[in-house]
Amino acid sequence: MKKETILVTGACGQLGTELVGELRKIYGEGQVLATDVMDPKSPSLQSGPFEKLDVLNKQALGEVVERLKPTQMYHLAAILSAAAERNPTLAWDVNIAGFMNVLDVAKSASQKVHKVYAPSSIAVFGPNTPRVGTPQNTITDPTTVYGITKLVDERLADYYFLNYNLDIRSIRYPGLISYKTPPGGGTTDYAVDIFYKVVKEKAYTSFLGPDTALPMMYMPDALRGTLELMDAEASKISVRSAYNLTAMSFTPAQLAEEIKKQFGEFEMNYAPDFRQQIADSWPDSLDDTQAREDWGWKPSFGLTEMVEDMLKNTPR
Ligand code: VAH
């Protein structure tokens, strides 16, 4: 295996915590520097090097890169959709200025950064987007500030690839479901919260209405997809903005029904809040043919398998 040195930003989040663990398994514990503005809580982050780093501090980011000389960067620091609606300025700063800092530092690093990963989201789509089987290239017109920032990031990624030959790769993640680290500030978080509440209290009140369909993915698929995209030959990557990627689509009512089937009865209630409007602006389902054709993407978890694994592993 080729020796890689990897810098991860936003490592304490839902995705970062698990991705750092996977990267350390592949490349060695000492080869992956996890960074975040927060202190690490999860044991998988404490098992290897960790530093506090704010992506808005370009000088500090530059110093870390010059010292570490990473061959790959995973830029995961971001403000998610619901949190962004509460603080659009912070979302703009972190999601766009922070990303710009990463791009600039990667581009001008004295030792070449071979690959950069920076996730996008289905939030780049909006109410004018075809809602079912949303194609890779279509109308975006996001109406959430999070979606707007992610769309700018997609364009910047493509720009840095075209103009500076930076090998940048990205995925438009759907809602990610996992049991190790809870998500924070997203609209798809209900699909994780429900498991914690059901196993502890046998009741859940959803902040989205029963019929709100959204594209979703179980964390093991998201991790594998991300690593497969990063491993793919550069010549196979035809999309430098971000790939559509999906595994399943369901509504809160369908998720509750599947949990009831496997877990038994629980009380399900609905009290939609401001996140309903965010969810209503996003696609019901995605077409990820391009990722399947370019680098062989194929999900392994559908709704039934995901619910089974979540019920087995959600902490009681
Ligand atoms: C959010 N989970 O809800 C994120 C995501 C699918 C959207 O990027 O904000």
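The ligand sits in the largest pocket, where a pocket is an open set of points, on a 1 Å grid over the protein atoms alone, at which a 1.4 Å probe fits and which has protein on both sides within 12 Å along at least five of seven lines, and where sitting requires more than half of the atoms of the molecule to lie within 2 Å of the grid points. The model is predicted, with local features needing pLDDT of at least 70 and side-chain atom pairs counted only at pLDDT 80 or more, while totals for chains, interfaces and linings use all residues. Residues are numbered from 1 along each chain, and side-chain values use heavy atoms, without hydrogens and water.

The chain is divided into domain 1 (6-174 + 218-244) and domain 2 (175-216 + 247-285 + 300-313), with bounds from an automatic or database domain assignment. The contact between them (heavy atoms within 4.5 Å) takes 32 residues from each domain. Because both domains give residues to the shell around the ligand, the ligand lies between them.

This shell, defined by heavy atoms within 4 Å, includes L80, Y146, Y173 and W282. The protein buries 93% of the 280 Å² that the ligand exposes when taken alone, as computed by the Shrake-Rupley method with a 1.4 Å probe.

Key:
On a 1 Å grid over the protein atoms alone, a cavity is a set of points where a 1.4 Å probe fits but cannot get out, and a pocket is an open set with protein on both sides within 12 Å along at least five of seven lines; lining residues have an atom within 4 Å of a point.
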